Amino acid sequence: MLTNKGKYGLKALVHLAGKEPGELSLVSDIAAENEIPKKFLDAILGELRNAGFVHSKKGKGGGYTLARPASDIRIGHVIRVLDGPLAPIACASRRSYRRCEDCTDEEQCAVRLMMMDVRNAIAGILDNRTLAEMRNLSDADRQTLMYHI
């Protein structure tokens, strides 16, 4: 399950993806517009900065902006940075594999085999979708709600 940290990080990135390249957004504005606790968002944006997703500028006129185009940011990568592996159990993970202590035959373990399918399905979607595509989903929703007189 996606944690609040992961959800808020994605919301913040979608917010920044809606801005013009290089346009800075204040943490307080991102937090208010997306109903994210500011202090928590500060920490999340720090992690996103360390991972190379955003740039920050301190002082007057400062704020956050995307470090690269939204079309170059994969959702799976963001979630792994903020929440860790996509696999529901450690023995099904590719990058954070850890054998289960109670498993006698990993190759035949039905739980592991099913969870590997789950992990592959999740990764198949999240690793092939970009922040730009995610941003466009919310734009499409707004357009369908628009009434023309």
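The crossing of α3 and α4 is right-handed, a term used when the near helix is turned clockwise from the far one by less than a right angle. This is a predicted model, in which local features need pLDDT of at least 70 and side-chain atom pairs count only at pLDDT 80 or more, while totals for chains, interfaces and linings use all residues. Residues are numbered from 1 along each chain as its sequence is written, and side-chain values use heavy atoms, with hydrogens and water left out.

**The α3 and α4 pair**
- The two helices, α3 and α4, pack at an angle of about 120°, with their axes 10 Å apart; the axes are lines fitted to C-alpha atoms over the stretch in contact, and angles run from 0 to 180 degrees between N-to-C directions.
- From α3, I44, E47 and L48 meet V78, V81 and L82 of α4, where contact means heavy atoms within 4.5 Å.

**The largest nonpolar core**
- Among the 29 residues of this core, L48, L66 and L131 touch the most other members; such a core is a set of buried Ala, Val, Leu, Ile, Met, Phe, Trp, Tyr and Cys residues joined through side-chain atoms within 4.5 Å.
- The helix α1 gives the most to this core, with seven residues.

**A buried threonine**
- T130 lies in the loop between α5 and α6 (131-145), and T130 counts as buried because its relative accessibility is 7%, buried being under 20% relative accessible area with a 1.4 Å probe and protein chains only.

Technical notes:
Buried means under 20% relative accessible area, exposed over 50%, partly exposed in between (1.4 Å probe, protein chains only). Helices (H or I, at least four residues) and strands (E, at least two) are DSSP runs, numbered from the N terminus.
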